[in-house]
Amino acid sequence: MKREDLPLNTDLSGKVAVVTGGGGVLCSEMSRALAAAGAKVAILDLKKESAQVVADEIVAEGYVAKGYACNVLDKEALKAVHEEIVKDFGKVQILINGAGGNSPKATTTEEYFGECKDIADKITFFDLKQEGVEFVFNLNFLGTLLPTQEFAQDMIGATDCNILNISSMNAFTPLTKIPAYSGAKAAVSNFTQWLAVHFSREDIRVNAIAPGFFSTKQNAALLFNPDGTPTARTGKILAATPMRRFGQMNELIGSVLFLLNKKAAGFITGVVLPIDGGFSAYSGV
Ligand code: NAD
């Protein structure tokens with residue numbers, strides 16, 4: 001991504017940004033955008049190779065980034081990688097808490113109980129595994145809180161700092177099948193508000209984005225048949241999205257750059273911004 005391709009001209013020159021889960025679909029795009037806006041970007045991921053691929057792409061475009069292996073649930077690893085980042089780039093002013101996700105062990109097979117109760121190999125509410133629920137809560141909630149405890153230390157006493165969390169549509173109203181992911185993202189939204197208040201006098205703004213449905217390479221098979229026609233799931237999603245379309249990646253990037261831009265959003269903290277084509281506003285009637 002080049003600077004001229006950015007949807008907003010937010011200037012992040014001189015800033016150091018940490019993006020957790022930066023090897024993934026959404027946060028690799030955010031990393032590219034932050035780098036194109038001038039930030040030095042530390043891309044953290046459980047999978048070092050994914051982080052490095054993104055960092056290499058960014059460097060090839062002429063911007064500054066480096067990939068780091070780091071589990072956001074490991075306090076010692078966070079501390080060690082933090083020390084490395086400070087040596088490589090300096091103290092951190094921007095943190096995007098992007099690592100997150102769901103688990104099949106915390107997902108029911110069907111939407112309604114009656115659809116699966118008599119079928120042996122289906123996962124009903126009663127079959128959800130404690131370890132699956134704990135995995136999802138830890139990854140999304142603790143995986144946001146622990147990196148914040150580590151990297152926000154650099155922000156105390158500094159100016160114009162930002163923490164951006166990634167919530168989800170299911171934080172407002174749970175999506176079917178995924179009770180743990182929905183609850184964990186609701187906790188991320190709640191924590192965003194809590195932390196915004198806690199840091200409100202430190203020049204640290206804390207916000208979240210709540211992406212709706214974006215069509216990416218990763219979910220293409222779920223959303224479109226091999227012949228390009230939409231799947232039944234796509235039909236349901238679009239019927240619940242008043243704009244009747246999926247989001248485009250740069251529509252996430254514009255919101256990220258807006259929230260990080262003090263000139264534009266300097267009085268905004270503690271918001272969870274839906275980027276959803278109206279999904280969260282629509283009752284279906
Ligand atoms: P993704 O799976 O492509 O990216 C997540 C990245 O996090 C992966 O690269 C993974 O290796 C990394 N990761 C997983 N566990 C980790 C850990 N313990 N420590 C460090 N890194 C770890 O997912 P995505 O779709 O790009 O999602 C990014 C964020 O956006 C997540 O928080 C997700 O919950 C949220 N989100 C996604 C959507 C969507 O439609 N894709 C919608 C709403 C919210």
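**Notebook: the ligand and its surroundings**

I began with the shell around the ligand and sorted its residues by class: 10 are nonpolar, 11 are polar and three are charged. A reminder to myself: this is a predicted model.

Next I looked up which residues make up that shell. I found 24 residues surrounding the ligand. The closest of them are Val25, Leu26, Asp45, Asn71 and Tyr181.

For leucine 46, a backbone N or O atom is 3.2 Å from a ligand nitrogen. For cysteine 70, I noted 3.5 Å between a backbone N or O atom and a nitrogen atom of the ligand.

How much of the ligand's accessible area does the protein cover? On its own the ligand has 830 Å² of accessible area, and the protein covers 84% of it.

I also checked which elements give two or more residues to the shell, and wrote down α1 (25-36), α4 (130-151) and α5 (179-198).

Last, I turned to a pair of helices from that list. I kept in mind that two packed helices are described by the angle between their axes and the distance between the axes. For α4 and α5, the axes come within 8 Å and cross at roughly 20°. Angles under 35 degrees count as roughly parallel, so α4 is roughly parallel to α5. As for handedness, α4 passes α5 in a right-handed crossing.

Technical notes
Residues numbered from 1 in each chain as written. Predicted model: local features only at pLDDT ≥ 70, side-chain atom pairs only at ≥ 80, totals over all residues. Heavy atoms only, no water. Near = heavy atom within 4 Å. Polar contact = N/O pair within 3.5 Å; in protein donor to acceptor, adjacent residues only side chain to side chain. Areas by Shrake-Rupley, 256 points an atom, 1.4 Å probe, with all protein chains shown as cover. Helix = DSSP H or I, 4+ residues; strand = E, 2+ residues; numbered from the N terminus. Nonpolar A, V, L, I, M, F, W, Y, C, P; charged D, E, K, R; others polar. Axes fitted to C-alpha atoms, helices over the stretch in contact; angles between N-to-C directions. Parallel < 35°, antiparallel > 145°, perpendicular 65-115°, else oblique. Left-handed = near helix turned anticlockwise from the far one by under 90°.
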